[in-house]
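I opened the notebook on a new model today.

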Amino acid sequence: MIPIELKKSFEDIVGAHNYDDSKAGRLVYSYDATPQFQSLPDAVIAPNNTEEVAAIVKLCNEYKIPIVPRGSGTNLCAGTCPTEGGIVLLFKHLNQVLEIDEENLTATVEPGVITLDFIHQVEERGLFYPPDPSSMKISTIGGNINENSGGLRGLKYGVTRDYVLGLEVVLANGDVIKTGGKLAKDVAGYDLTRLFVGSEGTLGIITKAILKLIPMPESKMTMLALYQDLEAAAKSVSTIIANKIIPTTLEFLDQPTLKVVEDFAKIGLPTDVKAVLLIEQDGPIDIVKRDMLKMAAICEREHAVSVKVADSEKEADDLRTARRSALSALARLKPTTILEDATVPRSEIAKMVVATNEIAKKYNLTVCTFGHAGDGNLHPTCLTDVRNHEEIERVEKAFEEIFIKAIELGGTITGEHGVGVMKAPYLELKVGKEGIAAMQAIKSSLDPNNILNPGKVFAKDSRKRVVITT
């Protein structure tokens, strides 16, 4: 618990109404969207500005109190679960789009801005911010930056880090630094901006971000390709890329996912096929039409049983919305839904799909697979029940084999969800002991007292995910 005199100091900084150490208040922020993880913080604090964040951090550093910066808590790696107690830092007051600079094609925002709200503001000016995580209706820009979020448009446009030009960051000692800026080129010293993006709040606390914008594409078309063969669908993905076509979106859903999503969204998705590819292209209309014809021909050659272009923007938007709702739809089926994001090179996507199905069968598990097939980022999702300890053990073994297979194929343990606590036991599989040591050296240098989101990224001794309760 926070000592009375320290509580008073925090209240002096942010106001008593922005400090909450009630049981109910702490319980609300004791978990995020990750199954199996829950732990009470000692208090929840909502600062009003960068100066207050810096003052809070200085006190926490002096008294060695953990700080967990938190957006909307939609992450899937337990990255914002306060596993070691301490302070949960909320950014509900730092939620403004400070500037949209049309001359430099940038926007300056605070971390609490909701992603979709920001996208809408930008698009009203004929500009485009491509990162579009499925949680964008509620996730925040700060959370997206901490996790380096991806999305459906990642194949063509990249992920969050590709649009972060500069940051204002509060370091663990309370110092405030600024990195990057409204610049097309900047090689002055180390690239600290990229270091903080995806660091999950373990190296510093982001209080402002300068984001890159691009012109809005002038047209867009959406297509659905249906398959009775999973491997054929996966092969179509690598063939499209091999033909030097980079679509905006190239998404994969298997039959179990299709059935659940259609039951949830009720938009007329086919459920009698083994898999579908959701394909979009944007840009000049002539190029879009050309690419769509080429991709349709490739899908047909790879044995798609049907290829259909959406007749209207409403139909296209329904398809995109249905894909984004996959996790929500699947979560209705069992008490516990564990969604992962093993990622492989695009050319290996077919092998990864087959391997995932074989591993699920081996461990007698229900695993639905969907994801961003165009960039090799698959989301094998296990429907289970955390109360069934024997089954959960099988789930753990299955996912470990899935991660190992992904790495064997030249992939990684996470493409966009982050490491947090969930993936920490497997990080060494990807980066090796030497890679872990290098990362820990950076962490120790910037945060010697280990107060910034401790217990994340770097694993404990065991490879098993730890279930933490209140």
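My entries on the pocket and the salt bridges follow.

**Entry 1, the pocket.** I worked on a predicted model. I looked up the second largest pocket and noted about 1,000 Å³ of space in it. I found 36 residues in its lining, with Asn148, Arg161, Val197, Gly198 and Thr414 nearest the centre. I sorted the lining by type: 12 residues are nonpolar, 15 polar and 9 charged. Helix H7 (192-196) and helix H15 (427-446) each supply at least two lining residues. H15 gives the largest share, 6 residues. Where does the second largest pocket lie? Domain 1 (1-216) and domain 2 (219-409) both give residues to its lining, so the pocket lies between them.

I searched the whole structure and got 30 salt bridges. I took Arg324 and Asp132 to begin with; their closest N and O atoms are 3.0 Å apart. This pair links distant parts of the chain, 192 residues apart. Arg324 sits in helix H11 (residues 313-324), and Asp132 in the loop between strand S7 (127-128) and helix H5 (141-147). Are these two buried or exposed? Both Arg324 and Asp132 are buried.

I then checked Glu315 with Lys308, a salt bridge at 3.1 Å between the closest N and O atoms. Glu315 is partly exposed at 26% relative accessibility. Lys308 is partly exposed too, at 39%.

Arg394 and Glu390 meet in a salt bridge, 2.7 Å from N to O. They are 4 residues apart in helix H14 (residues 389-408), so about one helical turn separates them. Arg394 counts as buried at 18% relative accessibility, whereas Glu390 is partly exposed at 47%.

Notes:
Residues numbered from 1 in each chain as written. Predicted model: local features only at pLDDT ≥ 70, side-chain atom pairs only at ≥ 80, totals over all residues. Heavy atoms only, no water. 1 Å grid on protein atoms, 1.4 Å probe; cavity = no way out; pocket = protein on both sides within 12 Å on 5 of 7 lines; lining within 4 Å. Points joined across faces, edges and corners; volume = space filled by probe spheres on them. Nonpolar A, V, L, I, M, F, W, Y, C, P; charged D, E, K, R; others polar. Domains from an automatic or database assignment. Salt bridge = Lys/Arg side-chain N within 4 Å of Asp/Glu carboxyl O. Buried < 20%, exposed > 50% of the residue type's maximum accessible area, 1.4 Å probe, protein only.
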